Amino acid sequence: MSRVYLLRHAKAASALPGMKDFDRPLDAKGREVAKRLGATMLANGLVPDKIIASPSARTRETLDTVSAPLPFEIETVFDRSLYDGEGDAYLAAIVRGGNAASIMLVGHNPMTEEAALRLCATGEPGAMSILQNGFPTGGLAVIELPDSLSDAKQRSGHLALFITGGEL
């Protein structure tokens, strides 16, 4: 069994004139949600073995804030395909997680939502309801897979939990 954490970056600020989308930081609400999410993850043992994240400013800031309470470093890789790729890029990143028991992808919509929908065959009713209504900023989907990450397949997962900023 393995576990995938799909985290959509927290709420980002609007772009300032001349600012590229890639460079948008989190806004104050986004920073607060990311901070609370990190504490919630740590308190509930929701800590991945490996992280693959989009290199955009808002995903880096989300990741830095969420992981701040951890007393240790987690192997982290930044992958541009999680910023400008399709949903398949997310599934490919999960498979590249290889021997890790769990992996967290930190990315963007619509790709994060698409990856979650592609992975999940089943799910807890409350979690599935959230996912089917859209993947909110600062949302974390926890998906359990029956096999290793390197064997991850579409429609093989179970959505065990979905945490949103409004629940923290």
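## Lining of the largest pocket

In this predicted model, the lining of the largest pocket consists of six nonpolar, two polar and two charged residues. Here Ala, Val, Leu, Ile, Met, Phe, Trp, Tyr, Cys and Pro count as nonpolar, Asp, Glu, Lys and Arg as charged, and the others, Gly among them, as polar. The lining residues are Ile51, Leu63, Asp64, Ser67, Leu70, Phe72, Glu73, Ile74, Thr76 and Phe78. Two elements give two or more residues each: helix 2 (57–67) and strand 3 (75–78). Helix 2 gives the most, with three residues. Helices (H or I, at least four residues) and strands (E, at least two) are DSSP runs, numbered from the N terminus.

The space in this pocket is about 170 Å³. On a 1 Å grid over the protein atoms alone, a pocket is an open set of points with protein on both sides within 12 Å along at least five of seven lines, a cavity is a set of points where a 1.4 Å probe fits but cannot get out, and lining residues have an atom within 4 Å of a point. Grid points are joined across faces, edges and corners, and a volume is the space filled by probe spheres set on the points.

## The cavity

One cavity of 30 Å³ or more is present, and the largest cavity has a volume of about 70 Å³. Its lining has ten nonpolar, two polar and no charged residues; among them are Gly38, Met41, Leu42, Ile51, Val66, Ser67 and Met104. Helix 1 gives the most to this lining, with three residues.

## Helix 4 against helix 5

The axes of helix 4 (residues 87–95) and helix 5 (residues 111–119) come within 8 Å and cross at roughly 60°. Axes are lines fitted to C-alpha atoms, for helices over the stretch in contact, and angles run from 0 to 180 degrees between N-to-C directions. On the helix 4 side, Gly87, Asp88, Tyr90, Leu91 and Ile94 make the contact (heavy atoms within 4.5 Å). On the helix 5 side are Met111, Thr112, Glu114, Ala115, Arg118 and Leu119.

## Salt bridges

There are ten salt bridges, each a side-chain nitrogen of Lys or Arg within 4 Å of a carboxyl oxygen of Asp or Glu. One of them joins Glu32 and Arg36 (3.4 Å, N to O). These two residues are about one helical turn apart because they lie four residues apart in helix 1 (residues 28–43).

## Basis of the values

Residues are numbered from 1 along each chain as its sequence is written, and side-chain values use heavy atoms, with hydrogens and water left out. Local features need pLDDT of at least 70, side-chain atom pairs count only at pLDDT 80 or more, and totals for chains, interfaces and linings use all residues.
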